[in-house]
Amino acid sequence: MQTIQIVWLVALIVFLLLEAVTATIVSIWFAAGALVALLVSLAWPGAVAVQVAAFLVVSAVALFALRPFAKRMMANRRVPTNADANIGKPAQVVSEIQPGRVGRVKLGGLEWAARADVVLPVGTWCRVQAIEGVTLVVVPQTLPSAEGVAQGTEDSGKTTGTGSV
């Protein structure tokens with residue numbers, strides 16, 4: 001094996017290792033270019049300019065052609081957390097929440113920072129709509145009417161002030 005072939009092999013290994021230790025797609029494009037340059041060096045060991053050109057062209061084509069696809073694939077890889085299990089659950093306001101200001105709610109025996117688009121006074125029941133960082137985004141809790149529950153339908157549109165869920 002000639003020196004240039006070792007260089008391309010080392011480059012290929014380095015790019016693959018770099019890709020393996022990162023959480024995002026960083027160097028796979030260059031690994032593809034190094035692989036093609038290695039194959040070219042096996043066919044034409046003395047044509048270093050051709051090998052470098054093959055590396056640059058293949059890396060650029062791989063980067064520009066596949067990166068948008070890879071970005072779309074990576075964007076959908078959100079990892080759910082234990083806190084995500086709280087979405088949709090009821091909570092009770094323990095410190096008034098005003099639009100643009102953070103209040104506090106009690107959820108599952110724990111107090112959480114919370115915000116809402118409407119005023120929610122202390123004692124109001126709300127529902128967790130989303131989690132942004134360590135802050136719950138809540139909305140007023142809409143409970144089914146007793147008649148709707150008895151009939152198996154939900155949707156009275158009543159918003160509770162205080163009480164239990």
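Visitor: Does Gly 133 count as buried or exposed, and at what relative accessibility?

Guide: Burial is read from relative accessible area, where buried means under 20%, exposed means over 50%, and partly exposed lies in between, with a 1.4 Å probe and protein chains only. Gly 133 has a relative accessibility of 67% and therefore counts as exposed. Please keep in mind that this is a predicted model, in which local features need pLDDT of at least 70 and side-chain atom pairs count only at pLDDT 80 or more, while totals for chains, interfaces and linings use all residues. Residues are numbered from 1 along each chain as its sequence is written, and side-chain values use heavy atoms, with hydrogens and water left out.

Visitor: Where is the place of Gly 133?

Guide: Helices (H or I, at least four residues) and strands (E, at least two) are DSSP runs numbered from the N terminus. Gly 133 sits in the loop between strand 4 and strand 5. These two strands form a hairpin with 2 residues between them, and Gly 133, in the turn, has a positive phi of about 70°. Along the chain Gly 133 and Ala 83 are 50 residues apart, and their C-alpha atoms are separated by 9.7 Å.

Visitor: In which sense do strand 4 and strand 5 pair, and over how many bridges?

Guide: Strands of a sheet pair through backbone hydrogen bonds, either parallel or antiparallel. Two strands are taken to pair if DSSP finds at least two bridges between them. Strand 4 and strand 5 pair in the antiparallel sense, over 6 bridges, and Arg 127 stands opposite Val 139 in strand 5. Arg 127 is also the bridge partner, in strand 4, of Pro 90; strand 1 and strand 4 run antiparallel and are joined by 3 bridges.

Visitor: In what order do the strands close into a barrel?

Guide: The 5 strands close in the order 1-2-3-5-4, with mixed pairing. From one strand to the next the twist averages 55°, the axes being lines fitted to C-alpha atoms (for helices over the stretch in contact) and the angles running from 0 to 180 degrees between N-to-C directions. Strand 2 then pairs with strand 3 in the antiparallel sense over 5 bridges, and Leu 107 stands opposite Leu 110. Their hairpin has 2 residues between the strands, and Gly 108 in this hairpin takes a positive phi near 60°. Strand 3 and strand 5, by contrast, pair in the parallel sense over 3 bridges, with Ala 113 bridged to Thr 135.

Visitor: Which residues of the largest nonpolar core touch the most other members?

Guide: A nonpolar core is a set of buried Ala, Val, Leu, Ile, Met, Phe, Trp, Tyr and Cys residues joined through side-chain atoms within 4.5 Å. The largest has 14 residues, of which Ile 97, Val 105, Leu 120, Cys 126, Leu 136 and Val 138 touch the most other members. Strands 1, 2, 3 (110-115), 4 (125-132) and 5 (135-140) are the elements that give two or more residues to this core, and strand 4 gives the most, with 3 residues. Contact means heavy atoms within 4.5 Å; leaving aside neighbours within four places in sequence, the contacts of Val 105 include Val 93, Ile 97, Trp 112, Cys 126 and Leu 136.

Visitor: How many salt bridges does a search of the whole structure find?

Guide: Side chains of opposite charge can pair when their charged atoms come close. A salt bridge is a side-chain nitrogen of Lys or Arg within 4 Å of a carboxyl oxygen of Asp or Glu, and the search finds 2. One joins the side chains of Arg 104 and Glu 111 (3.5 Å, N to O); Arg 104 counts as partly exposed because its relative accessibility is 31%, and Glu 111 is also partly exposed, at 46%. Glu 132 forms a salt bridge with Arg 115, the closest N and O atoms being 2.6 Å apart. This pair links distant parts of the chain, since Glu 132 is in strand 4 and Arg 115 in strand 3, 17 residues apart. Glu 132 is partly exposed, with a relative accessible area of 45%, and Arg 115 is partly exposed, at 28%.
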